[in-house]
Structures are given as structure tokens and as C-alpha cells.
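Hi everyone, thanks for making time for this.

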Amino acid sequence: MILHHFALAAAIAVPTSSTALAGTLHDPAQLPTIQAAVDAASPGDTILIGSGTYAPFTVVTDDLTIREADDASNPIIALSGTVFAVGVVIAADRVTVEDLTVDGTGAFALTGFRVAGNDNTLRRNHVQFD
């Protein structure tokens with residue numbers, strides 16, 4: 001299993017394996033967005049999201065966990081100023097998304113989460129709008 005650690009401020013990826021530490025990536029260009037981290041992930045991976053404001057993203061890889069890096073992170077998926085906005089689209093199976101905030105302030109026809117897969121878990125997420 002690979003663990004991706006993704007934080008906007010540092011854009012750090014920390015891959016690990018169940019058998020050995022694979023290495024640490026510190027290059028922000030490698031995983032500049034949550035979508036880039038999701039696209040680089042393999043089934044069974046965990047993506048940890050640090051503090052910051054992020055663009056919406058879509059998950060199409062099965063068996064992923066996406067959550068805040070720690071209790072103080074409070075990552076925000078911002079939708080303000082968009083029309084028919086969706087913060088997080090899950091088009092895969094067995095995906096867990098925890099502790100994210102979708103902020104649709106100023107968005108029109110907001111959908112915080114759209115789930116099209118099976119056996120997915122959404123836990124402690126928040127959707128806010130005006």
C-alpha cells in the first residue's frame with residue numbers, strides 16, 4: 001500500500017510500502033493538486049490533505065482513502081463563483097472520504113458530493129453555502 005501525503009503549502013508526497021519505505025517526494029510540481037494526487041494513486045492508497053483551499057476533484061480509482069492530514073488541517077474544497085458545481089465526485093467503488101469541507105459560498109446549484117460508485121464511505125465532511 002502506498003501512502004500519499006499531499007499538502008498545498010508544502011505539496012509533499014510521502015510514499016510508503018507495506019514492506020519498505022519507498023521514499024519521500026518534496027517537489028511541488030509532482031502533485032500540485034488533490035486531483036493530481038488522486039490520479040497518481042493506486043488501489044489501497046491513502047491521500048492525506050493538509051491545510052489549504054483546493055479545487056474540486058473526481059475519484060475514479062477504487063479502494064482509496066482521502067482525508068485531512070491531521071485534526072488541525074481543515075482542507076477546503078472551494079466552489080465559489082461556479083455554476084452547477086460539484087465539490088467531490090466519486091465514480092469508483094470502496095472510496096472513503098473523511099474530514100473535508102466543501103465551500104459553495106457564491107456557487108449556483110451546489111452539490112457537495114456526488115457518489116456514483118458502490119460501497120463508499122463519507123465521514124465527518126461538511127458542505128457550506130450561502
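Before I talk about bridge partners, one definition: two strands count as paired if DSSP finds at least two bridges between them. Also, please keep in mind that what you see is a predicted model.

So how confident is the predictor? The protein chain averages a pLDDT of 77, and 72% of the residues score at least 70. Please be careful with residues 1-29, where pLDDT stays under 50. The model does have 71 contacts beyond four places in sequence for that stretch.

Now the overall layout. The protein chain holds 1 helix and 12 strands. Along the sequence the pattern is β-α-β-β-β-β-β-β-β-β-β-β-β. Of its 130 residues, 38% count as buried. If you take contacts between residues at least 6 apart in sequence, 58% of them join residues at least 24 apart. As for the surface, the chain exposes about 6,500 Å², with carbon and sulfur atoms supplying 54% of it.

Let's start with β7. How many of the residues of β7 are buried? The count is 5 of 5, so this strand is largely enclosed by the rest of the structure. On the pairing side, β7 runs parallel to β4, joined by 3 bridges. Phe57 has Val88 in β7 as its bridge partner. β7 also runs parallel to β10, residues 111-115, and here there are 4 bridges. Val88 turns up again in that pairing, with Phe113 in β10 as its partner.

On to the core. The largest nonpolar core has 23 residues, and those with the most contacts inside it are Val38, Phe57, Val59 and Ile66. Which elements give two or more residues to this core? They are α1 (34-40), β2 (46-49), β4 (57-59) and β7 (86-90). The largest share, 3 residues, comes from α1. In general terms, nonpolar side chains in soluble globular proteins tend to be buried together. Leaving aside residues up to four places away in sequence, Val59 touches Val38, Leu64, Ile66, Val89, Ile90, Ala91, Ala92 and Val95.

What is the order of its 4 strands? It goes β3-β6-β9-β12, with parallel pairing. The edges are β3 (53-54) and β12 (126-128), each of which pairs on one side only. β9, residues 101-103, pairs with β12 in the parallel sense over 3 bridges. Thr101 stands opposite His126 in that arrangement.

I'd like to finish with two loop residues. Leu100 sits in the loop between β8 (96-98) and β9. Is Leu100 buried or exposed? Its relative accessibility is 0%, so Leu100 counts as buried. Beyond four places in sequence, Leu100 touches Ile49, Phe57, Ile66, Glu68, Pro75, Arg124, Asn125 and His126. For Ile66, the sequence separation from Leu100 is 34 residues, while the C-alpha atoms are 8.8 Å apart.

The second one is Asn125, in the loop between β11 (121-123) and β12. Asn125 has 19% relative accessibility; because the cut-off for buried is under 20%, Asn125 counts as buried. What does its side chain do there? A polar atom of the Asn125 side chain lies 2.8 Å from the backbone oxygen of Val97. The backbone nitrogen of Asp99 lies 3.3 Å from a polar atom of that side chain. Setting aside residues up to four places away in sequence, Asn125 touches Val97, Glu98, Asp99, Leu100 and Phe113.

Note on methods
Residues numbered from 1 in each chain as written. Predicted model: local features only at pLDDT ≥ 70, side-chain atom pairs only at ≥ 80, totals over all residues. Heavy atoms only, no water. Core = buried A, V, L, I, M, F, W, Y, C linked by side-chain atoms within 4.5 Å. Buried < 20%, exposed > 50% of the residue type's maximum accessible area, 1.4 Å probe, protein only. Contact = heavy atoms within 4.5 Å. pLDDT = per-residue confidence, 0-100. Polar contact = N/O pair within 3.5 Å; in protein donor to acceptor, adjacent residues only side chain to side chain. Areas by Shrake-Rupley, 256 points an atom, 1.4 Å probe, with all protein chains shown as cover.
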